[in-house]
Amino acid sequence: MTSPKITAIVHTYNAEKHLDRVLSALKDFDEILVVDMESTDSTHEICRRHGVRLIIKPRGEHRIPEAYRDFGLRAAANDWVLAVDADEIVPDALRRYLYDEITRDPSPRAILIPIKNYFMGRWMRCYYPDYILRFFNREGAHWPYEIHSRPSHRGPEVKIPRNRTDLAFIHLANESVGQTIAKMNNYTDREARRREASYRPWRLITDPPFRFFKTYVLKGGFREGWPGFIHAVHDAIYRFVCLAKIEESHRDTTITD
């Protein structure tokens, strides 16, 4: 019986900061496929140094990674795929776990993987396990062209136990306060469109405070010190901005005499 094989798919755009570490961690997968969005830094050079399969796909009208994730699904050489961001480390224990699982049971399914997110140098345990759907059989799969969308796939979904922290993705981004704020405008534009159908004006008052309470108290952000407090406030502001944009879109903002 042939052993199942896995393609690790990485999408990149000017990803030189962490890419060397990311690709090094993937070296024992059967194939590493990098789908690049016309990077202008040393991303291509790093890929060639690691001997990965590199496809440079013009950005065109698509400016979000999901479109390139879907292209990667169709370009992969193997049926099992693991989608990896260019700032995420796949621990060797996770690689072994995934191979063991599909060898034990080769039927199509998806495995949800926990991720360790960092902020101000701290592992934000209040966001753990923050499961992400990144490993599945690509037969019949599709990744919708929407920000933060989940892929459609065949078979059931199973989760890695949350206490297996050794199997979690390690998110190297460790974004600063300024970086999270800079991304907020773009992300809330897209999320506002997604949430518009369920919007009610009273949520402008109730949702942001609850979002803070959920992050800081219910999820234990208070255990992370000031970074936990700051991130909980950011979560509340993010939700408020998203809802405010929906409210604005429902109004006639034309100024008349």
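Ground rules. Residues count from 1 along each chain as its sequence is written, and side-chain values use heavy atoms, with hydrogens and water left out. Because the model is predicted, local features need pLDDT of at least 70 and side-chain atom pairs count only at pLDDT 80 or more, while totals for chains, interfaces and linings use all residues.

Confidence, then. pLDDT is the predictor's per-residue confidence, from 0 to 100. The chain averages 91. At least 70 is reached by 98% of the residues. Among the elements, H2 has the highest confidence, at 97. Helix H5, residues 177-195, has the lowest, at a mean of 86. Helices (H or I, at least four residues) and strands (E, at least two) are DSSP runs, numbered from the N terminus.

Now the cores. A nonpolar core is a set of buried Ala, Val, Leu, Ile, Met, Phe, Trp, Tyr and Cys residues joined through side-chain atoms within 4.5 Å. Buried means under 20% relative accessible area, exposed over 50%, partly exposed in between, with a 1.4 Å probe and protein chains only. The largest core has 35 residues. Ile6, Leu23, Leu26, Leu82, Phe135 and Phe169 touch the most other members. Elements giving two or more residues include strand E1 (6-12), helix H1 (16-25) and helix H4 (92-104). H4 gives the most, with 6 residues.

Next, helix H3, residues 65-75. How many of its 11 residues are buried? The count is 9, so the definition of buried makes H3 mostly covered. Tyr68 and Phe71 are among the buried ones, as are Glu66, Arg69 and Asp70. What do the buried residues of H3 pack against? E1, E2, strand E3 (53-56), E4 and E10. Contact here means heavy atoms within 4.5 Å.

Serine 39 sits in the loop between E2 and H2. Serine 39 counts as buried because its relative accessibility is 9%. Its side chain makes a polar contact with the side chain of aspartate 36, at 2.5 Å. A polar atom of that serine 39 side chain also lies 2.6 Å from the backbone nitrogen of asparagine 14. A polar contact is a pair of N or O atoms within 3.5 Å; within protein, one must be able to donate a hydrogen and the other to accept it, and residues adjacent in sequence count only if both atoms are side-chain atoms.

Last, cysteines. Cysteine 47 is buried because its relative accessible area is 1%. Cysteine 126 is buried too, at 3%. Disulfides, meaning pairs of cysteine sulfur atoms within 2.5 Å, number 0 in this structure.
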